[in-house]
Protein chains: 2
Amino acid sequence: MSPAPKALVFDVFGTCVDWRGSIIAEGRRLNAERGWKIDWEGLVDAWRGAYQPNMQKVRSGQLPWTHLDVLHRMALDALLPAYLGGTPKKAVRASDMERINTMWHRLKPWPDAVSGLRRLKTRHIIGSMSNGNVALLTNMAKFASLPWDLVFSAEWVRHYKPDRETYLSAPQFLGLKPRDVMLVAAHKSDLDGARRAGLMTCFVPRPLEFGRAFLKSGAYDAAYEKRFDLNVRDFRELATALGC
Amino acid sequence: MSPAPKALVFDVFGTCVDWRGSIIAEGRRLNAERGWKIDWEGLVDAWRGAYQPNMQKVRSGQLPWTHLDVLHRMALDALLPAYLGGTPKKAVRASDMERINTMWHRLKPWPDAVSGLRRLKTRHIIGSMSNGNVALLTNMAKFASLPWDLVFSAEWVRHYKPDRETYLSAPQFLGLKPRDVMLVAAHKSDLDGARRAGLMTCFVPRPLEFGRAFLKSGAYDAAYEKRFDLNVRDFRELATALGC
């Protein structure tokens, strides 16, 4: 690897936190609490499925700048009726919809994430680099104890990854060269976007991001790639690789 | 006091860190190391004196958006010759000028600041709210162990305090109402700017900000004011007042 990066920025959904498992778990608790029968596995996959198409509406200019909480809510409103599983629609009130939508603020970290980030923080600037909005990322960091030095969000620059502007915001605002900043992510398309912008890259597979069935189907691509500066099993291995 | 704030944002220079004492101390170490005779007390007061006029050039549109590291450097270049104290000008090299300019990234916290912020962080979102640029504030937080949840900087919104846009950026990006956010500051004009924008306010006097001679002269105004929601002696008293 070339010289060590001065700052590390992290994709969040899937890379730092288990969005699918967290939403299913909170959703099932809600079902039990309220006597609902919502199909949370089906809903969360459809909800996440709406993520890229809705951001693309913003990237393409079809929608003006709209932050992720609002895109999440648009998708939730459209999708929920198909996953009620017999729950009466009126049983889910406006305040419930808000609670469901902010489940994305309360996602649990992968087991290695917090300890790995704490080690990395001792010698590097660490930040998020996410399409989540600032409030979402800040609330999630409090909830999950993600010890960011600062929050980088698509919202600061009004561009969604993989737009070049989003990746370049980290070196620009930190007064660093792109090569002094490394993106850590579980998604190869995200890392390729960062590479095109000149950042260093580190791939961390998260085989359980899409659930056990997806992993068993063989569809998950965990292969290391030479085009990335680093490939590591988890954040602890990354900390060790960087001497932290 | 009205209900407790959800987020606390802090003025940084003077409120969290002792800029004057820190720069004089690092400057004197540099004098000893390099055999210089720079008058650091005179320089730092003149340097800080250039702060508001230079930001006003940006606020008024006389200068395009220019972040604080650049404004600091413009002022340093103009002021240093008058404070060399007989040091040959060529003894101060380009790399020295950069080191001097980034002294603003390496300021020491007041004795109560870090422990107070740690307590406040357990129950509130805490962030900077400073005219410093993002890199400066991030580097300073690492250096001084200021445990921000996130960095709010004039640079994100390209407006210097007391412009309304700067104060309002905290509630807006956090998805909160202005009254849910409290500015903590040692400067009454800063707090008045935040009040006009609808934020809660807390005054913390920092009698030593401008040095012992200034304090002895009686010019320092440490009086509590009813128009602020809180007046406290230091960050520990603030943490206690908020039940942290």
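Student: Thanks! What hand does the crossing of H1(A) and H2(A) have?

Tutor: H1(A) passes H2(A) in a right-handed crossing. A crossing is right-handed if the near helix is turned clockwise from the far one by less than a right angle, and left-handed if anticlockwise. Helices here are DSSP runs of H or I with at least four residues, strands are E runs of at least two, and both are numbered from the N terminus.

Student: Before we go on, what sort of model is this, and how is the numbering done?

Tutor: This is a predicted model, where local features need pLDDT of at least 70, side-chain atom pairs count only at pLDDT 80 or more, and totals for chains, interfaces and linings use all residues. Residues are numbered from 1 along each chain as its sequence is written, while chains are lettered from A and ligands numbered from 1 in the order in which they are written.

Student: Good. Back to that pair: what are the angle and the axis distance?

Tutor: H1 (residues 19-34) and H2 (residues 40-49) of chain A pack at about 140°, and their axes are 9 Å apart. That makes H1(A) oblique to H2(A). The cut-offs are under 35 degrees for roughly parallel, over 145 for roughly antiparallel, 65 to 115 for roughly perpendicular, and oblique for the rest. Axes are lines fitted to C-alpha atoms, for helices over the stretch in contact, and angles run from 0 to 180 degrees between N-to-C directions.

Student: Which residues meet there?

Tutor: From H1(A) you have A:Arg20, A:Ile23, A:Ile24, A:Gly27 and A:Arg28, and they meet A:Trp40, A:Glu41 and A:Val44 of H2(A). By class, this contact has four nonpolar, one polar and three charged residues. Contact means that the C-beta atoms of two residues, placed from the backbone, lie within 7 Å. For the classes, Ala, Val, Leu, Ile, Met, Phe, Trp, Tyr, Cys and Pro count as nonpolar, Asp, Glu, Lys and Arg as charged, and the others, Gly among them, as polar.

Student: And how do H4(A) and H5(A) cross?

Tutor: The axes of H4 (residues 68-79) and H5 (residues 94-101) of chain A come within 10 Å and cross at roughly 120°. H4(A) and H5(A) are therefore oblique to each other, and their crossing is right-handed. On the H4(A) side the contact is made by A:Asp69, A:His72, A:Arg73 and A:Leu76, and on the H5(A) side by A:Met97, A:Ile100 and A:Asn101. Those residues divide into three nonpolar, two polar and two charged.

Student: Let's zoom out. What does chain A look like overall?

Tutor: Its secondary structure comes to twelve helices and eight strands. The C-alpha atoms of chain A fill a box of roughly 60 × 40 × 30 Å along the principal axes. The radius of gyration of chain A is 18 Å, which agrees with the value near 18 Å for a compact globule of 244 residues. That radius is taken over C-alpha atoms, and the globule rule is 2.2 Å times the number of residues to the power 0.38.

Student: How much of chain A is buried?

Tutor: Buried residues make up 43% of the 244. Buried means 20 or more other C-beta atoms within 10 Å of a residue's own, exposed means 12 or fewer, and partly exposed is in between, with C-beta atoms placed from the backbone.

Student: New topic: how many residues does each chain give to the contact between A and B?

Tutor: Chain B gives 14 residues and chain A gives 14 residues. On the chain B side, the largest share, five residues, comes from H7(B). By class, that side has nine nonpolar, two polar and three charged residues.

Student: Where is there a cis peptide bond in chain A?

Tutor: The bond from A:Lys161 to A:Pro162 is cis, with omega near 5°. A:Pro162 sits in the loop between H8 (154-157) and H9 (164-174) of chain A. In chain B, the bond from B:Lys161 to B:Pro162 is also cis, with omega near 5°.

Student: One last thing: is A:Ser145 buried or exposed?

Tutor: A:Ser145 counts as exposed, with 12 C-beta neighbours inside 10 Å. Its phi is near 60°, a positive value in a residue other than glycine.
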